[in-house]
Amino acid sequence: MRRVTTSAPGKLMLFGDHSVVYGHPCIVTAIDQRISVVVEKHEEHVFALSAPDVGLVEYKKPKNQLGLHNVPRGVTFLETLYKVFLDRYPQNDGIFVETKSQFSSSFGFGSSSAVTVAFGRALMELYEIPFVELDLFRMCYQAVMEVQGVGSGFDIASAIWGKTIYYVKPAKVVEPLEIESIPLIVGFTGVKADTATIVRMVEELKTRKPDFVQHIFDQIEEITNLARSAISARDWRAVGQLMNQNEELLEELGVSSKELDALIGAAKDLGEAHGAKLSGAGGGDCMISLGEDKQKIEDAIAMKGGEPMNVMANAGGVRVELCE
Ligand code: MEV
């Protein structure tokens, strides 16, 4: 029996949070914390899953009931992806899936999209379907939209293409930026953000105050475009200043939180960081900062109750690790 192991990276949004949902560009970097997936054909017509990281060990569902009844939270993305996959590439047998994560789903590193992408890639390899990035993106984006109802797909693109990309939804533009590394410092607030709720909050604000929000998004787009050039030129001081400007606009949108403000403030007040901002939806999760003296900035973050995260940016995208 063939076994395929794949892995996909988590991500951090550098620029363009929220505005990317409305068709503006963003810049996202993949990180060296990965989720791996092992798949094997199952002789029964079932979807069987073992995902100990989310407390599931012996989950089993007949193939003709995928997506029906109560689907536990930790299973929804994979079960939906399998359904989308079978609609496109019908198969006679069932599947056994095992997942393993190097990071907690609380950090906002995009565990749902990374595991969905790793599973999709594993299915393509197992059934010898030629791997085309855009095909995998479309399949995963459909599954994530079916589950979540909102989202730009930037996290799926990051998990597939990896590195640092300039992205316009839905993978209309995926442009890798030519750099080797980013001097990124990451601090976890200790608070898990509810992305879908915050995205809907911004949507509601946009309905009430369309001109106000549009003006913010236009400015974020300008900043993102300037950041694309500054990152490619490795001008980290300029990138940091642009981060500060992006952060101010996100604060105007009302998506920051007191925990994020405290950690961002700590990094900036130190005078060592080129800049700092929240990363993702806001409301919690992680903040990011740029600077050469990583240790000093991490200490300042820890002093304010944050948890420095030891992650490297610009990591590789989804890959097949093993075929046995
Ligand atoms: C959430 O990590 C980032 C948002 O821009 C939502 C999205 O792009 O899907 C807020």
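The following is a short exchange about how some labels on this predicted model are assigned.

Modeller: This is a predicted model, in which local features need pLDDT of at least 70, side-chain atom pairs count only at pLDDT 80 or more, and totals for chains, interfaces and linings use all residues. Residues are numbered from 1 along each chain as its sequence is written, and side-chain values use heavy atoms, with hydrogens and water left out.

Biologist: Why is Asp261 called partly exposed?

Modeller: Buried means under 20% relative accessible area, exposed means over 50%, and partly exposed lies in between (1.4 Å probe, protein chains only). Asp261 has 37% relative accessibility, so it counts as partly exposed. Asp261 lies in helix H8 (residues 258-269); a helix is a DSSP run of H or I with at least four residues, and a strand is a run of E with at least two, numbered from the N terminus.

Biologist: Why does Asn225 count as partly exposed?

Modeller: Its relative accessibility is 26%, so Asn225 counts as partly exposed. Asn225 is found in helix H6 (residues 210-232).

Biologist: Why is strand E1 described as largely enclosed by the rest of the structure?

Modeller: Strand E1 (residues 3-15) has 13 residues and 12 of them are buried, so it is described that way.

Biologist: What makes E1 and E2 a pair?

Modeller: Two strands pair if DSSP finds at least two bridges between them. E1 and strand E2 (residues 26-42) have 11 bridges, in the antiparallel sense. Pro9 has Arg34 in E2 as its bridge partner.

Biologist: How do you know that E1 pairs with E12?

Modeller: Four bridges join E1 to strand E12 (residues 319-323), and the two run antiparallel. Ser7 stands opposite Arg319 in E12.
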